[in-house]
Amino acid sequence: MIRFENVTKVLGGNAVLDNISFEVGEGETFVIVGLSGAGKSVTLKHMIRLMQADAGNIVIEGEIINDLGRKALRELRAKFGVLFQGAALLQWMTVHENIALPLRELTHTPEDEILRLVDEKLELLGLADAGAKYPSDISGGMQKRAGLARAIIMSPKIILYDEPTSGLDPVTSRRIDDLIVNMRKKLGITSVVVTHDLHSALSIGSRIMMLHHGKIVENATPEGFIRSKDATVQSFLESQYITRKGKWEEFSHE
Amino acid sequence: MRSAQRTGGQVLQLLHDTGHALFMLVEATLFIRNVFGKRSRGEVITQLFITGIKSLAVITVVALFTGMILALQTGLELRRYGQEVYIGSAVAVSVIREMGPFMTGLIIAASVGSAIAAQLGTMAVSEEIAALEVMSINPNRFLVMPRLVALAVMMPILTVYTNILGILGGAIVGETQLGVSVQAYMDNATEFATNKDLYVGLLKAFIFGIIITTVSCHQGLMTTEGAVGVGQATRRSVILSFLIILIVGYMITRLFYI
């Protein structure tokens, strides 16, 4: 569904992505982990052409997206919903208005249908009482859920999550993890998740890829990832108190 | 060699930024056809309110005192020759031709323009602009066009208001400090100020509105590097607006009066 072919991106003289290739299959929850500055968010931004590769191809559903025109780019982006790190809700709009925004701006959906769809998403994400509030009046976890509601309102095929649990307490983080798993189970959506949080990655991912200095050092199932012999992966696991002897099933939602 | 490279790089960056700003302006202008559409109407009205009503207090004070200062300084000089009755024309012509649009432009650049740069800059660093792009909502239609319409419409209206208050301020000083009656002051003012002065002044105000929107929106949308970047974008938007208003104001005056 998503394929990177020998993609390189240089920023400020440094190769942030260094000739990387990988593929994300339909219905997968593909998790990208790595240290800060490893190129995780840059990878995500390439999928929706917020950034362009200096070399290599990015293929979405069989189509190379490097040189898409404006109309084709709009069609490409319509396949995606994105949950940004800080939720990226428009601060002068209520939660309800934020979620309704894509429907009001991009479609001719009747207002009563918009209200019904937004209420449905608010209910799904446990925000039924927050619709009339402004983003600054709700917690970080609620903002992320509102951002997720906006991301799914147009029924995308793929959702990109940029650090969905960063800055959240452990309980709220696990709640967000449950939501990501439910997106796949209930809606069959393909997900790409960028995170530092290995506990989250091991619990929600069908595959985990680790980037280090712009290169892929591991790309495996959670079980394969935890058993990886790569020193960088091991160091990353140990930094979060997860060892090769640990049972990844402990974290699994399946 | 290295400084030549740096200068070349800065020139290229300036050309790139100018091109980007002009593209943004052209695209936002093309979207004006949607100004009365249900998707834009509300935001346009909001921006008209912010630009017009919220700026009235500061414009009132600045315009009134500018007219008073102008009348006092000119009147004191003219009094030496017994010609203080001519403060009417001196104040009216300079306010309508130059000071009205210029003062209004500076006030709006400092208040509304800086607020636009700060708001869009904050949106850029908190990924709200990226979110709009991913949702295929064009920021030039959604954010720039309503602000462009608001400033292009409100700048001439506010300039007329500045002109009236500036002339009124001059009349107050004439009456109370220089012994020139309001009637004599107004007679002298209307004798020398022409319709052309008014129209050129309003044309300047309209163009200043477009300049302020373009600079502020462009600086805001291009913001990077968090809170520091927002501060820099805000400062740059005010400085650039001031400079361009000065230069363009001079060019328009030269075009119509030489």
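Trainee: Which residues in α8(B) meet which residues in α9(B)?

Mentor: On the α8(B) side you'll find B:V200, B:L203, B:K204, B:I207, B:F208, B:I211, B:I212, B:V215, B:S216, B:Q219 and B:G220. They meet B:A233, B:R236, B:S237, B:L240, B:S241, B:I244, B:I245, B:V248, B:G249, B:I252 and B:F256 in α9(B). Two residues are in contact when their C-beta atoms, placed from the backbone, lie within 7 Å. A heads-up: this is a predicted model, where local features need pLDDT of at least 70, side-chain atom pairs count only at pLDDT 80 or more, and totals for chains, interfaces and linings use all residues. Residues are numbered from 1 along each chain as its sequence is written, while chains are lettered from A and ligands numbered from 1 in the order in which they are written.

Trainee: What makes α8(B) and α9(B) roughly antiparallel?

Mentor: The axes of helix α8 (residues 195-221) and helix α9 (residues 226-257) of chain B cross at roughly 155 degrees and come within 9 Å. Those axes are lines fitted to C-alpha atoms, for helices over the stretch in contact, with angles from 0 to 180 degrees between N-to-C directions. Under 35 degrees is roughly parallel, over 145 roughly antiparallel, 65 to 115 roughly perpendicular, and the rest oblique. So α8(B) is roughly antiparallel to α9(B).

Trainee: Why are α1(B) and α6(B) called roughly perpendicular?

Mentor: Helix α1 (residues 2-30) and helix α6 (residues 139-178) of chain B pack at about 85 degrees, with axes 9 Å apart. That's why α1(B) and α6(B) count as roughly perpendicular to each other. At that spot B:M24, B:E27 and B:A28 of α1(B) meet B:N140, B:V144, B:M145 and B:L148 of α6(B).

Trainee: How many helices and strands does chain B have?

Mentor: Nine helices and zero strands. Both are DSSP runs numbered from the N terminus: helices are H or I with at least four residues, strands are E with at least two. The C-alpha trace of chain B spans about 70 × 55 × 35 Å along its principal axes, and 45% of its 258 residues count as buried.

Trainee: How do you know that A:A201 is buried?

Mentor: Count C-beta atoms, placed from the backbone: 20 or more others within 10 Å means buried, 12 or fewer means exposed, and in between means partly exposed. A:A201 has 28 within 10 Å, so it is buried. A:A201 sits in helix α7 (residues 198-204) of chain A. Setting aside residues up to four places away in sequence, A:A201 touches A:V31, A:V33, A:T195 and A:I208.

Trainee: What makes A:Q91 partly exposed?

Mentor: A:Q91 has 14 other C-beta atoms within 10 Å, so it falls in the in-between class. A:Q91 is in the loop between β6 and α3 of chain A. Leaving aside neighbours within four places in sequence, its contacts are A:Y134, A:P135 and A:S136.

Trainee: What about phi of A:A88?

Mentor: Most residues other than glycine have a negative phi. A:A88 isn't a glycine, yet its phi is positive, about 55 degrees. A:A88 lies in the loop between β6 (80-83) and α3 (95-106) of chain A and is buried, with 26 other C-beta atoms within 10 Å. A:H213 is another residue other than glycine with a positive phi, near 50 degrees. A:H213 counts as partly exposed, with 15 C-beta neighbours inside 10 Å.

Trainee: Which residues touch the most other members of the largest nonpolar core?

Mentor: In that core of 135 residues, they're A:V82, A:L160, A:V192, B:V91 and B:L151. Helix α4 (residues 87-125) of chain B gives the largest share, 17 residues. A nonpolar core is a set of buried Ala, Val, Leu, Ile, Met, Phe, Trp, Tyr and Cys residues joined through C-beta atoms within 7 Å. Take A:L160: not counting residues up to four places away in sequence, it touches A:L44, A:M47, A:I48, A:F80, A:V82 and A:V192.
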